[in-house]
Amino acid sequence: MRTPLVVGNWKMHGGLAEARELASGVRDGLKRPRGVEVALCPPFTALPAVAEVLAGSPIGWGAQNCHWEDTGAFTGEIAPGMLAELGCRFVILGHSERRHLFRETDDDIARKVAAALRHGLQPLLCVGETAEERRQGLTFTVVEGQLRAGWAGLGADEIARSVLAYEPVWAIGTGVNATPAQAAEVHGYLRGLVSELASKETAQSLRILYGGSVKPDNAAELTQQPDIDGALVGGASLQAQGFITIAKKSASRGGSSKE
C-alpha cells in the first residue's frame with residue numbers, strides 16, 4: 001500500500017522567524033505521524049533554518065525549484081547539489097506558476113527532473129490543465145504531454161524514484177478545488193500512463209498527489225480516492241494547525257493519524 005505524502009509548498013512566504021515558527025508548529029503537532037509522510041518546502045533562504053528545526057523529526061524538507069546544471073554562470077539559480085547538501089529530499093518541479101509565470105518549457109522541466117535524480121533528490125513533477133483546456137476537453141491530452149515530456153529519457157528505475165502531482169491550474173489559489181471524482185479520473189489516467197512508461201509495478205508504487213485549494217475540510221474526501229496518494233498543499237500549509245489537520249486526514253486514505 002502506498003503511504004500518503006503531504007507536502008507543504010510555502011511559495012514566496014516567510015522570513016526566517018516566520019519559517020522557524022511554522023516549521024516548529026508542524027513538527028510539534030506531528031511528533032509521531034501514523035500512516036502519512038510529511039514534508040515542507042520553504043523558500044530557498046529559509047531552508048537551513050527549517051532543516052535545523054526539523055532535524056531528528058519524522059518530517060522531511062525540500063525545495064520549490066532547482067536548475068539543471070551542477071555549477072555555472074546562472075545568476076540567481078540554485079543547483080540540485082546545493083539542495084542535497086542542505087538535506088533536502090524533495091524538489092517541486094514544473095509547478096504551473098513556473099510554467100505560466102516564468103515561461104518554463106517542458107524541456108527545461110525535463111532537464112531539471114533528470115538533474116534532481118542525479119543528486120538523489122526526489123522530483124515532485126507537477127502536471128495540470130488550465131480552465132480553458134478543460135473546457136475544450138483537453139485535460140488528458142495536456143497532462144499526458146506534460147508527463148511524457150517531464151520524464152523524457154528516464155528509465156523505469158528513475159521514474160520509480162519520482163512523485164507526481166496533479167494540480168489543475170484553475171484550482172490553484174482560487175478556492176475552487178476539483179471534485180473528488182474529477183481528481184480521481186485524472187489520477188487514474190496518470191497511473192495508467194506510468195504503467196506504460198515504466199511498469200505495472202512502478203505504477204502501483206508511485207505516489208500521485210492532488211494539489212489545488214486543498215483545505216482541512218476537503219482533504220479526507222479527496223485522499224480517500226484510491227489513486228490519490230496525498231496532497232501538495234499551497235496556501236493552507238502556511239497555517240500550522242490547518243496543515244497538520246490535512247496531514248492527519250490524509251493518513252491511510254483519510255483514516256485517523258495518532259501523534
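**Close-up 1. The contact between helix α1 and helix α12 in a predicted model.** In this predicted model, L22, G25, V26 and G29 of α1 meet A240, F243, I244 and K248 of α12, where contact means heavy atoms within 4.5 Å. By class, this contact of α1 with α12 has 5 nonpolar, 2 polar and 1 charged residues; Ala, Val, Leu, Ile, Met, Phe, Trp, Tyr, Cys and Pro count as nonpolar, Asp, Glu, Lys and Arg as charged, and the others, Gly among them, as polar. Helix α1 covers residues 16-29 and helix α12 residues 240-250, and the two pack at an angle of about 40° with their axes 9 Å apart. That angle makes α1 oblique to α12, given that angles under 35 degrees count as roughly parallel, over 145 as roughly antiparallel, 65 to 115 as roughly perpendicular and the rest as oblique. Axes are lines fitted to C-alpha atoms, for helices over the stretch in contact, and angles run from 0 to 180 degrees between N-to-C directions. Helices (H or I, at least four residues) and strands (E, at least two) are DSSP runs, numbered from the N terminus.

Residues are numbered from 1 along each chain as its sequence is written. Local features need pLDDT of at least 70 and side-chain atom pairs count only at pLDDT 80 or more, while totals for chains, interfaces and linings use all residues, and side-chain values use heavy atoms, with hydrogens and water left out.

**Close-up 2. Helix α1 beside helix α2.** Helix α1 also packs with helix α2 (residues 47-54), at an angle of about 30° and with the axes 9 Å apart. That makes α1 roughly parallel to α2.

**Close-up 3. Helix α5 beside helix α7.** Helix α5 (residues 106-118) packs with helix α7 (residues 139-150) at an angle of about 45°, and their axes lie 8 Å apart. The two helices are therefore oblique to each other. In the contact, D106, A110 and V113 of α5 meet G145, Q146, A149 and G150 of α7, and by class there are 3 nonpolar, 3 polar and 1 charged residues.

Close-up 4. A pocket is an open set of points, on a 1 Å grid over the protein atoms alone, with protein on both sides within 12 Å along at least five of seven lines, and lining residues have an atom within 4 Å of a point. The largest pocket holds about 510 Å³ of space, a volume being the space filled by probe spheres set on the points, which are joined across faces, edges and corners. Its lining has 21 residues, of which K11, M12, Q64, R98 and F102 lie nearest its centre, and the largest share, 3 residues, comes from α4. By class, the lining of the largest pocket has 9 nonpolar, 8 polar and 4 charged residues. About 190 Å³ of space lies in the second largest pocket, where K11, G173, S213, G234 and G235 are the closest to the centre among 16 lining residues.

Terms used. On a 1 Å grid over the protein atoms alone, a cavity is a set of points where a 1.4 Å probe fits but cannot get out, and a pocket is an open set with protein on both sides within 12 Å along at least five of seven lines; lining residues have an atom within 4 Å of a point.
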